[in-house]
Every structure is written in C-alpha cells, then in structure tokens.
Amino acid sequence: MYWEKELEVLDHKNLEKLQAERLMKTLRQAVNSPYYGRIPEISHAIKTGINSIEQISELPFTTKEDLRKDFPWGFLSTDKREVVRLHSSSGTTGNPTVVYHNRHDLSSWANLMARSLFAAGVRDTDVFQNMAGYGLFTGGLGFQYGVEMLGCLSIPAGAGNSLRQIKLMRDYGTTVAHAIPSYLGRLYDVFKEEGLDPRKDTKLHTLVIGAEPHTEEHRQRIEEMFGVKAYNSFGLSEMNGPGVAFECTEQNGLHIWEDAYVVEIIDPITLQPVADGEIGELVMTTLDRVAMPVIRYRTRDLTRFLPGECKCGRTHRRIDRIAGRSDDMFIMKGCNVFPMQIEGVLMKLSEVGDDYRILLETINDQDEMIVEVEVKKDWFKGDLSFLDKLQKHITHLIRDEVLVRPLIKLVEPGSIPKTEGKAVRVFDHRKK
Ligand code: COA
Ligand code: AMP
Ligand code: ZN
C-alpha cells in the first residue's frame with residue numbers, strides 16, 4: 001500500500017533520470033537568487049546541461065554559513081510576492097538561517113509528509129496528536145499540513161503541558177502521536193503520577209519520534225512504555241523539515257525520498273564520497289522547491305546508506321539512524337543548540353569571567369542543560385544578592401537565544417576543571 005505508487009516504487013534507472021531532469025530545472029530556478037546567481041559552476045551547468053545525476057559532483061557545496069550570507073533574501077529565487085511562509089532558526093544574536101516557501105513548496109512538503117506517514121501505517125481513520133512546537137519549528141506546521149492532506153483528524157496540541165496532552169489523548173481517542181523521544185519519558189511519568197497506564201488507558205497504536213538522535217534501545221523502551229510501534233522521522237528545516245526520510249513499517253532504516261532530494265554521503269574532511277555503506281556526512285539537494293532551492297547542502301548529520309532492497313517495495317534508498325554530527329551542535333528538548341550561541345551571550349556580560357561549561361543531564365527522566373559560569377572574583381565579595389539577579393538575567397538571555405531554559409550555576413573563578421588541550425565545553429551525560 002502506497003501513497004503515490006508510481007513514484008515510490010520507481011526503478012533506480014528511472015529515478016535517476018527523473019533526478020537529472022529535476023536538477024536541471026532546480027538549477028535554472030536557483031540561479032535567480034542573488035547567492036547562486038554569483039556561482040559560476042551553476043551558470044556553467046545550465047549552459048552545458050545535466051545528462052546524468054553524477055554530474056552533481058561538479059557543483060559546489062552550500063553550508064549553513066553560506067545560507068546566512070546576504071541575509072535575509074540571499075537565497076530567494078522567486079519574486080518576494082510569491083513567498084507565503086518562512087521558517088527560521090532560533091537566536092537573538094547573529095543572522096538566523098531562513099527558509100522561504102511558495103504555495104507549490106508547501107504543498108509538495110505536505111505531500112512528502114503524507115507519503116511518509118502513510119508508509120508508517122498511518123491512515124485517514126487515525127486521530128493524530130502533534131506534540132511538537134508550532135511557530136517557527138518545522139515539526140509543528142510540517143506535520144500539521146501532512147496529516148491534514150492524509151485526512152486524519154488532527155490535534156495540533158503543540159509542545160509542553162503533559163497533563164493536557166494526556167487529557168486530549170483520552171478525550172478524542174488519539175491513535176497516533178508525534179513527539180521528541182526525550183520528552184516521552186517525562187510524559188510516561190505523568191501518566192503514572194495520574195494513576196494511568198498509556199497501554200490500557202489510551203488508544204495509541206503508533207508514535208512518530210524524531211527531531212533528535214536516539215538509539216534503537218530507546219525506541220524499544222518507548223514502544224514498551226506506550227504499547228505502540230515507534231517510527232523514526234528525520235528532517236531538517238533547510239530541506240523543508242520533517243518528511244525528508246522516514247521509516248516504513250519494516251522499521252529497518254529510513255527511506256529518503258529521492259524524487260525530492262539528491263542524496264550524497266561524503267567524508268567531512270576530504271569532501272569525497274565515502275565507500276558504499278560507510279558512515280559520512282549527509283549532503284542534500286532539493287529537487288522540487290521553487291522559492292528557495294538549495295544545492296548540495298552539508299547537513300553535518302552523520303549516517304550511512306543501508307544495503308539491500310526493502311521488503312515494502314519502495315525503491316528509495318534507506319539511511320541508518322543519525323549517528324552524530326560533524327559539528328558541535330547538540331539538541332536539547334528538540335531545540336538545536338550551538339555552544340557558540342551560549343558563549344556569545346556570556347561573553348557580552350562584563351561580570352562573567354573566562355570559563356564556562358555546559359552539562360547535559362537527565363534529572364527525573366527529564367533532560368536538563370546546566371551551564372556553569374565563572375563570575376569575576378569581585379562579585380563574590382559583600383552583598384551577594386547581586387549574584388541572584390545575575391543568575392536570573394543569564395537564564396533569561398540564554399532561554400531567549402536557544403529556546404530552552406538553562407539551569408545556571410555561578411561559580412568562582414578557577415573552579416571549573418580545565419581540560420587538556422582544546423577546551424571541552426559540552427559534557428553530555430544524558431540517559432540515552
Ligand atoms: N516536547 C514537548 N514538550 C516538552 C519537551 C519537548 N521536547 N520538552 C519538555 N516538554 C514539556 C515539559 O514536560 C513541561 O511540561 P510539563 O511540566 O507539563 O510536563 C513543559 O514542556 C515545559 O518544560 P520545561 O522543561 O520547563 O521547558 P523549557 O522552559 O526549557 O521550554 C520547551 C522547553 C518544551 C517549551 C521547548 O524546548 C520546545 O518548544 N521544545 C519543542 C521543540 C520541538 O518541537 N522541536 C521540533 C523541531 S522539528
Ligand atoms: P531543524 O532544522 O531545527 O529541524 O533540525 C534539524 C536537525 O535535527 C537535523 O539536522 C538533525 O541533526 C536533527 N534531527 C532531526 N531528525 C532527527 C532524527 N530522526 N534523528 C536524529 N537527529 C535528527
Ligand atoms: Zn520500506
């Protein structure tokens with residue numbers, strides 16, 4: 001059973017032919033943007049033509065830093081009037097990365113989302129509760145429009161407020177829900193505190209989990225706690241958001257939709273393709289986006305292609321669950337955090353000393369980010385009420401920057417243990 005059979009089971013040869021045609025169209029569109037308009041390899045490829053998808057290796061990569069260039073309209077490939085929505089990264093300092101969509105882009109994204117959910121067994125008879133954040137997070141509206149296209153009854157619950165999540169589930173008979181895996185431990189505890197068992201007291205049969213790395217063991221734990229099947233959902237805002245790669249009911253890796261993206265896996269140092277089946281950095285090119293095509297985007301996510309055909313009959317290759325990142329970004333409560341964002345906030349404050357470190361801990365089954373901050377010696381003398389105010393101020397600034405409330409510990413200079421060589425700032429002790 002497929003959402004759109006012809007595309008999902010297209011043989012490799014025809015899939016590659018379709019990719020080459022769509023890449024040519026994408027380049028013609030991309031060159032209208034100020035950024036790609038300046039890239040000679042793109043104009044050259046348009047002149048000489050794309051006969052085979054292998055030719056993509058002649059095009060340059062695009063990085064997150066590039067996306068910030070000519071902010072905010074550097075990558076806009078249409079008239080601004082055509083754009084109907086944007087999503088952007090968090091942060092109050094520096095340029096965020098922004099992605100624009102026209103009507104075609106939004107409907108193509110919703111379709112990929114519907115296709116993904118259908119592959120995981122979701123049907124129009126399901127009641128779907130989305131526990132991701134709405135607003136600029138793509139996990140909110142991205143799932144919303146896909147679920148509506150699929151025809152489920154949707155409950156746009158948004159993130160947080162576990163008691164209300166449980167009430168919604170029970171009142172409306174939620175059968176499928178989407179959440180960040182690390183949140184589900186907390187949700188389970190609240191079920192228990194209320195004297196409820198999600199296996200008996202809800203109609204849940206499926207959970208869609210994604211937006212942050214998790215292990216196979218974590219998936220199995222979630223399946224046991226809730227009495228469901230849990231499917232891995234992968235995506236990133238630069239490639240729309242969710243709906244990029246998804247597990248089918250075989251649960252053996254994530255089909256990555258190759259009619260919508262060219263997918264490469266490279267060695268992050270040599271920038272050459274890795275040998276088949278080896279782990280490397282995922283590089284992606286949009287093939288069906290008009291307002292903002294992105295060519296050879298270095299996602300920084302590490303994964304590998306899985307060998308063999310999938311029993312479900314879908315021909316789009318499968319990638320393994322994300323094994324890590326080739327940069328220092330970490331994800332806390334579904335929010336992406338770069339240590340530099342935190343450093344940027346701290347170093348602007350004259351009271352703050354030279355050192356800080358970020359401890360990621362699981363406390364009562366909830367992930368927390370503790371930031372230890374050295375404060376200059378003088379502030380520890382006399383009236384200490386100032387330190388209270390400073391702690392609140394830093395909490396506020398960091399929450400505004402990364403969207404997660406940190407626990408701030410102010411410490412005296414010299415009290416943060418030094419690491420050998422290059423300073424290590426992040427210590428991840430979270431229960432995986
Ligand atoms: N998803 C949903 N709810 C979450 C969550 C998550 N990832 N992480 C925490 N929560 C819940 C908490 O359980 C708490 O509710 P409860 O006390 O009723 O159980 C509530 O959100 C606030 O938690 P707190 O720890 O005080 O959070 P915070 O002030 O640091 O803010 C969130 C955190 C949850 C508001 C913010 O991290 C968020 O919006 N996360 C969702 C991100 C997302 O959807 N990403 C998808 C990207 S595609
Ligand atoms: P955003 O652009 O905010 O949606 O964040 C995208 C990033 O979240 C990706 O580049 C990954 O690092 C991470 N991510 C999303 N989905 C998954 C997943 N299923 N497993 C692991 N990491 C994920
Ligand atoms: Zn499959």
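**A pocket, a buried methionine and a ligand site**

Helix H2, residues 12-30, and strand E10, residues 261-266, each contribute at least two residues to the lining of the second largest pocket. Good morning, colleagues. Please keep in mind that the structure before you is a predicted model.

Let me stay with this pocket. Its volume is about 530 Å³. Its lining comprises 25 residues, and those closest to the centre are Glu54, Val263, Glu264, Pro273 and Arg317. Which element gives the most to the lining of the second largest pocket? That element is strand E10, with five residues.

Is Met113 buried or exposed? Met113 has a relative accessible area of 0%, and is therefore buried. Leaving aside residues up to four places away in sequence, Met113 touches Gly142, Phe143, Gly146, Pro242, Gly243 and Phe246. Between Met113 and Leu150 there are 8.6 Å in space, C-alpha to C-alpha, although the two are 37 residues apart in sequence.

Finally, I come to ligand 1. There are 21 residues around ligand 1, of which Gly133, Ser162, Arg186, Lys333 and Arg399 come nearest. For some of these residues, I can give distances to an oxygen atom of the ligand. For Gly133, a backbone N or O atom lies 2.6 Å from such an atom. In the case of Arg186, an N or O atom of the side chain is 2.7 Å from an oxygen atom of ligand 1. For Lys333, the corresponding side-chain distance is 2.5 Å, again from an N or O atom to a ligand oxygen. Thank you for your attention.

Note on methods: Residues are numbered from 1 along each chain as its sequence is written. Chains are lettered from A and ligands numbered from 1 in the order in which they are written. This is a predicted model: local features need pLDDT of at least 70, side-chain atom pairs count only at pLDDT 80 or more; totals for chains, interfaces and linings use all residues. Side-chain values use heavy atoms; hydrogens and water are left out. On a 1 Å grid over the protein atoms alone, a cavity is a set of points where a 1.4 Å probe fits but cannot get out, and a pocket is an open set with protein on both sides within 12 Å along at least five of seven lines; lining residues have an atom within 4 Å of a point. Grid points are joined across faces, edges and corners, and a volume is the space filled by probe spheres set on the points. Helices (H or I, at least four residues) and strands (E, at least two) are DSSP runs, numbered from the N terminus. Buried means under 20% relative accessible area, exposed over 50%, partly exposed in between (1.4 Å probe, protein chains only). Contact means heavy atoms within 4.5 Å. A residue is near a molecule or strand if one of its heavy atoms lies within 4 Å of it. A polar contact is a pair of N or O atoms within 3.5 Å; within protein, one must be able to donate a hydrogen and the other to accept it, and residues adjacent in sequence count only if both atoms are side-chain atoms.
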